[in-house]
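Here is a short briefing to read alongside your sequence and model. Have the 3D view open, and let's walk through it together.

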Amino acid sequence: SASASAPASREINRGRQRFGETMSLEGIANRIIALSNETDIKDLMTFLKTQEPRLVKTKEKHLYDLLGRINPRDHCLAYIRIMSVLTKASEMKNYAAFAQYAGILLIEGNKLSKDRGRVYQISKAFTTVQIMDDPKAGIVPLKRALDEICKAGSKHKLTPLHSQYLELCILSKCYDTASQLIAIPMYEVESKANGMTMTDYLAYYYYAGKICCVLQLFKEALEFFQAVLTAPTDNYVSKIQIEAYKKYIITSIIENGEVNFPSKQAVSAKVVQKCRDASSALSSGVYELLKKGCDDDFKELKKRKNAKEEFESDENWGLVKQVFASITKRKIKKLNKTYVTLSFKDISDMTDLKDADEAEEFVSKMILDGDIEAVICCKDRMVTFRNEHKRSAAELALCLKQKMDEALVLGEMLKDLDRRIQLNPSFIRKQKNSGTSRKGTSESSGLMGAMTTMTTDTTLQEVIEKSKHER
C-alpha cells in the first residue's frame, strides 16, 4: 500500500507545484517566463490569479526581488499584477524602489492596454510618489503609458492618466508640454469598470483650464472650466467645481469683460448656487464683487486690505491682476474705435493709468502683443490707431478645414457608438419589450414628419412662383 500511495503523492505534489501552491519565488519567476507567450496567455492569467493571495502576504522586499527576475517588455501582464499588489499594500516603505519599477513598467510595458484598470491604479500610486519626490521625473513615464494605451484604443478617450499627467506638468511648470495633450479634443470617457472616476474627469478639465490661463489662452480656459461646472454631479458640488467657479469668473471678465454662465439647460442652477455660496463663505464675497464688473466695484476691491491675501490663498492673484489690466485694455480698444490720433496724456486721462509715461508703456505692450493696430510717434508722443487686422482667406480656410476634420471624426465615432448600441443584447431586449408603444410613437412621428415635409415643399414652391412673377 505504501508503494501504491507514493505515485499518488508525487502526482498531488506535481499538481500543487503546477498551480503554485508550494512554489518558491524563483519558481514563480521561472513559471512566468515559461508562460509569457501568445499561446499560453490564458494559462498565465490563471497562474497569476492563483498566486495573488500569496503575493499579497509576501514582504515588499521579496516582491521587488521577483520583479527583478522578469522585465515588463517580455512579461508585461505578470509585471502589472505584481506592481498592482504593491499598490494595495497598507504600508509601502520603499517609495524609491516603487517609483523605479513603476517607471520602468510605464515606459517599457507593451501590453498596458490589456489590463488598463490595474495600470491606472499603478500610475495613480506612481504619481503620488513623484509629487512627493520629483514631479518632473514622472512626466515621461506617464506620457509613454498614455501613448501606448491610446495607440491600442483612441487618442480621443479620456482616462485617469490624463489628469495625472497634467498634474505633474503643472507642478513641474512644463505648460508647453501639457498644451500638446489638451489640444486633442476628448469625445469618449474611460469606463468606470476600469477605474475612471468623476474626480479624474473634473481634475483633467480643471488642470487643462489652469494651463490655458498660464498660456494666455483664456477662451479655451473658459471652455475647460465650463466643462467642470456642467459635469453631471447630481447637484453635489466638489471642491474642484468650487475652484473652477472662481477661475471661471476671473477668466470670463478677462476674455469677455463680463461673466456669462452657461445656460440652465447646460448647467444646473443648484450647482452654480452652491458654488457661489461656498466661494462667498470661504472668501468673504470678493468673487461676487469681482463678478459685478463695475468700475466702482473694482476700485472698492483694490481698497480692500484682505482681498489680495484671499486671492493669493486661492492662487488667483495673478489672474486678478490681469483682470485690472484687461479693463484698461478694453478702454483703450474703445478709444481705437472713436479716435484716429491721441496723445498719451489724453489716454492716461481717459483710463486708469497714472500718467503719460505709463500710458506709453501700456500702449506699446498692447501693440507688441497684437491687441491693437497702431503707430507711435516718439517725437510728438502721439499714437495713431489703425484698422484692426482681418484674417486672410487662407487662414479662414485652414481653420474651417480643421473644424470640418474634427466634425468628421466625431461623426464616425457617433456612427460606431450607434452601431454598438443597436447590437447590444440588453438594448435589443428592451426594444422588443416596448415594441407596441414604440410602434404607436413611430407612426405618429412618421405622420408629423410627412406633414412637415409637405409644408416645407409647399413653402419652397410658393417662393419659386413668386420669384418668377417678380422677373
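What volume does the largest pocket have? The answer is about 760 Å³. Please keep in mind that this is a predicted model.

**The largest pocket**

- In total, 22 residues line the largest pocket, and those nearest its centre are I254, E255, K329, K333 and D371.
- Helix 18 is the main contributor to the largest pocket, with eight residues in the lining.
- Sorted by class, the lining of the largest pocket holds 12 charged residues, six nonpolar ones and four polar ones.

**S326, a residue of helix 18**

- Helix 18 spans residues 317–338, and S326 is part of it.
- Is S326 buried or exposed? Its relative accessibility is 6%, so S326 counts as buried, the cut-off being under 20%.
- Leaving aside residues up to four places away in sequence, S326 touches I253 and I254. I254 is also among the residues nearest the centre of the largest pocket.

**The second largest pocket**

- The second largest pocket has a volume of about 560 Å³.
- Its lining consists of 18 residues, and I182, A183, E220, E223 and F224 are the closest to the centre of this second largest pocket.
- The elements giving two or more residues to the lining of the second largest pocket are helix 10 (175–182), helix 11 (198–214), helix 12 and helix 21 (393–423).
- Helix 12 gives the most to the second largest pocket, namely four residues.
- The lining of the second largest pocket comprises 12 nonpolar residues, five charged residues and one polar residue.

**The cavity**

- How many cavities of 30 Å³ or more are there? The count comes to one.
- The largest cavity has a volume of about 40 Å³.
- You will find L48, E52, L55, R81 and V85 lining the largest cavity.
- Helix 3 (41–57) and helix 5 (76–88) each give two or more residues to the lining of the largest cavity, and helix 3 has the largest share with three residues.
- By class, the lining of the largest cavity has three nonpolar residues, two charged residues and no polar ones.

**A strand hairpin**

- Strand 4 (residues 374–377) pairs with strand 5 (residues 382–385) in the antiparallel sense, over four bridges.
- To find your way along this pairing, look for A374, which stands opposite F385 in strand 5.
- Four residues lie between strand 4 and strand 5 in the hairpin, and R381 in the turn has a positive phi of about 55 degrees.

**Cysteines**

- The count of disulfides comes to zero.
- C399, in contrast, is partly exposed, with a relative accessible area of 27%.

Methods: Residues are numbered from 1 along each chain as its sequence is written. This is a predicted model: local features need pLDDT of at least 70, side-chain atom pairs count only at pLDDT 80 or more; totals for chains, interfaces and linings use all residues. Side-chain values use heavy atoms; hydrogens and water are left out. Buried means under 20% relative accessible area, exposed over 50%, partly exposed in between (1.4 Å probe, protein chains only). Contact means heavy atoms within 4.5 Å. A disulfide is a pair of cysteine sulfur atoms within 2.5 Å. On a 1 Å grid over the protein atoms alone, a cavity is a set of points where a 1.4 Å probe fits but cannot get out, and a pocket is an open set with protein on both sides within 12 Å along at least five of seven lines; lining residues have an atom within 4 Å of a point. Grid points are joined across faces, edges and corners, and a volume is the space filled by probe spheres set on the points. Ala, Val, Leu, Ile, Met, Phe, Trp, Tyr, Cys and Pro count as nonpolar, Asp, Glu, Lys and Arg as charged, and the others, Gly among them, as polar. Two strands pair if DSSP finds at least two bridges between them.
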